[in-house]
Amino acid sequence: MLADALEHLVRGIVDNPDDVQVNAKALRRGELLEVRVHPDDLGRVIGRGGRTARALRTVIGALAGDSSVRVDVVDVDRR
């Protein structure tokens, strides 16, 4: 559910929505949501001074409730 919500939000921000991928991984300290975007859209997702990325983390954290969730933004070239 959280991965779908994050993917929906990020697709609305970027110019290349087909290149958006969200991978969910279960870790010991909670869930990791890894967002992969096209290199041209990386600045758009991070935002000026990290404001957009911080806002995405805040929204996903609010949706998660009591569970711990971490959101990482990665460009497509990085593995």
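Modeller: Take contacts (heavy atoms within 4.5 Å) between residues at least 6 apart in sequence: in the protein chain, 61% of them join residues at least 24 apart. This is a predicted model: local features need pLDDT of at least 70, side-chain atom pairs count only at pLDDT 80 or more, and totals for chains, interfaces and linings use all residues. Residues are numbered from 1 along each chain as its sequence is written, and side-chain values use heavy atoms, without hydrogens or water.

The protein chain has three helices and three strands. These are DSSP runs numbered from the N terminus, with helices being H or I of at least four residues and strands E of at least two. Their order along the sequence is α-β-β-α-α-β. The C-alpha trace spans about 35 × 25 × 20 Å along its principal axes. Buried residues (under 20% relative accessible area; exposed is over 50%, partly exposed in between; 1.4 Å probe, protein chains only) make up 28% of the 79 residues.

Now the part itself, helix H1. H1 covers residues 2–13, 12 residues in total. From first C-alpha to last it reaches 17 Å, close to the 16 Å expected. That expected span is 1.5 Å times one less than the number of residues.

In general, an α-helix has 3.6 residues a turn, so residues three or four places apart point the same way.

What does H1 give to the largest nonpolar core? A nonpolar core is a set of buried Ala, Val, Leu, Ile, Met, Phe, Trp, Tyr and Cys residues joined through side-chain atoms within 4.5 Å. The largest one has 15 residues; Leu6, Val10, Leu33, Val35 and Val37 touch the most other members. H1, E2 and helix H3 (51–64) each give two or more residues to this core. H1 supplies the largest share, four residues.

Neighbours within four places in sequence aside, its contacts include Leu2, Ala3 and Leu6. Ile60 and Val69 are also among them.
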